[in-house]
Amino acid sequence: MDDGAVTLRPVRESDLGLLEALTNDPETVGEHQWFGWHDPGYIRRLWRDNGMLTTDNGMLVPTLDERPLGLVSWHRTRTGPHTYCWNIGMVLLPEARGHGLGAQAQRELVRYLFAHTQFNRVEASTEVGNRAGQRSLEKAGFTREGVLRGFDFRDGEWRDHILYSVIRSDLPS
């Protein structure tokens, strides 16, 4: 992969096969994102119902020179009685991993969310054993906050996660 800039774009109908693989194919998804088989029509229903963009959540496709790299997503999470933050996630194609493209995609998603919403915080977590995911979040400007014990269940066991965040004041002026 070259050293161009990663950009984000809305999901296109032609991306649906790729997104299905990134959410339901263990070889494409990778070790830390495989949670078992699930509803094969989920992606196409999301596309049909709302184009994968709502006020509470969404998906975009990170690209490099118009080549899709994977997907980034976000959903609204309550932080208090009247406040929320964004929680983001990312899955890259196997060939896009290990080149710093994930950090660029995460950084672009943070910029997008802060530019178009009033939320003050974006958070993400990754498994304790996912060193590449941790490096990517740190390179994207996220701050490590702590360990979430027994946070999710994957491959027959409960997994700890590391929580990261970025808030508006963390961004350069």
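Morning, everyone. One caution at the start: this is a predicted model.

Let's begin with charge. Side chains of opposite charge can pair when their charged atoms come close. How many salt bridges does a search of the whole structure find? The count is 12. I'll take a few of them.

Start in helix H4, residues 101-116. Glu-108 and Arg-111 form a salt bridge there, at 2.4 Å from N to O. The two residues sit three apart, about one turn of the helix. Glu-108 is partly exposed, because its relative accessibility is 27%, and the cut-offs are under 20% for buried and over 50% for exposed. Arg-111 is partly exposed too, at 43%.

Now the strands. Arg-121 and Glu-145 pair through their side chains, with N to O at 2.7 Å. Arg-121 belongs to strand S6, residues 121-127, and Glu-145 to strand S7, residues 143-154, so this bridge ties together parts 24 residues apart in sequence. Glu-145 is partly exposed, with 40% relative accessible area.

S6 and S7 have another link. Arg-154 makes a salt bridge with Glu-127, and the closest N and O atoms are 2.6 Å apart. Arg-154 is in S7 and Glu-127 is in S6, so parts 27 residues apart in sequence are tied together here. Both of these residues are buried. They also belong to a network of salt bridges, together with Glu-157 and Arg-159.

Back to Glu-145 for a moment. What else does its side chain meet? A polar contact of 2.6 Å joins it to the side chain of Ser-165. Ser-165 is in strand S8, residues 157-167. That serine counts as buried, because its relative accessibility is 5% and the limit for buried is under 20%. Leaving aside neighbours within four places in sequence, the contacts of Ser-165 include Arg-121, Val-122, Phe-142 and Asp-170. So much for the polar side.

Next, the nonpolar cores. The largest has 27 residues. Which members touch the most others? They are Leu-69, Trp-74, Ile-88, Leu-109, Leu-113, Val-122 and Phe-142. Strands S2, S4, S5, S6 and S8 each give two or more residues to this core, and so does H4. H4 supplies the largest share, seven residues.

Look at Leu-109. Not counting residues up to four places away in sequence, this leucine touches Leu-8, Leu-60, Val-72, Ser-73, Trp-74 and Ile-88. There is also a second, separate core. That one holds 12 residues, among them Leu-18, Leu-22, Met-52 and Val-61.

Last stop: helix H5, residues 131-139. Gly-133, Gln-134, Ser-136 and Leu-137 are buried in this helix. What do the buried residues pack against? Their partners are S5, H4, S6, S7 and S8. After H5 comes Gly-141, with a positive phi near 100°.

To recap. S6 and S7 are tied by Arg-121 with Glu-145, and by Arg-154 with Glu-127. H5 packs its buried residues against H4, among other elements. Thanks.

Technical notes:
Residues numbered from 1 in each chain as written. Predicted model: local features only at pLDDT ≥ 70, side-chain atom pairs only at ≥ 80, totals over all residues. Heavy atoms only, no water. Salt bridge = Lys/Arg side-chain N within 4 Å of Asp/Glu carboxyl O. Helix = DSSP H or I, 4+ residues; strand = E, 2+ residues; numbered from the N terminus. Buried < 20%, exposed > 50% of the residue type's maximum accessible area, 1.4 Å probe, protein only. Polar contact = N/O pair within 3.5 Å; in protein donor to acceptor, adjacent residues only side chain to side chain. Contact = heavy atoms within 4.5 Å. Core = buried A, V, L, I, M, F, W, Y, C linked by side-chain atoms within 4.5 Å.
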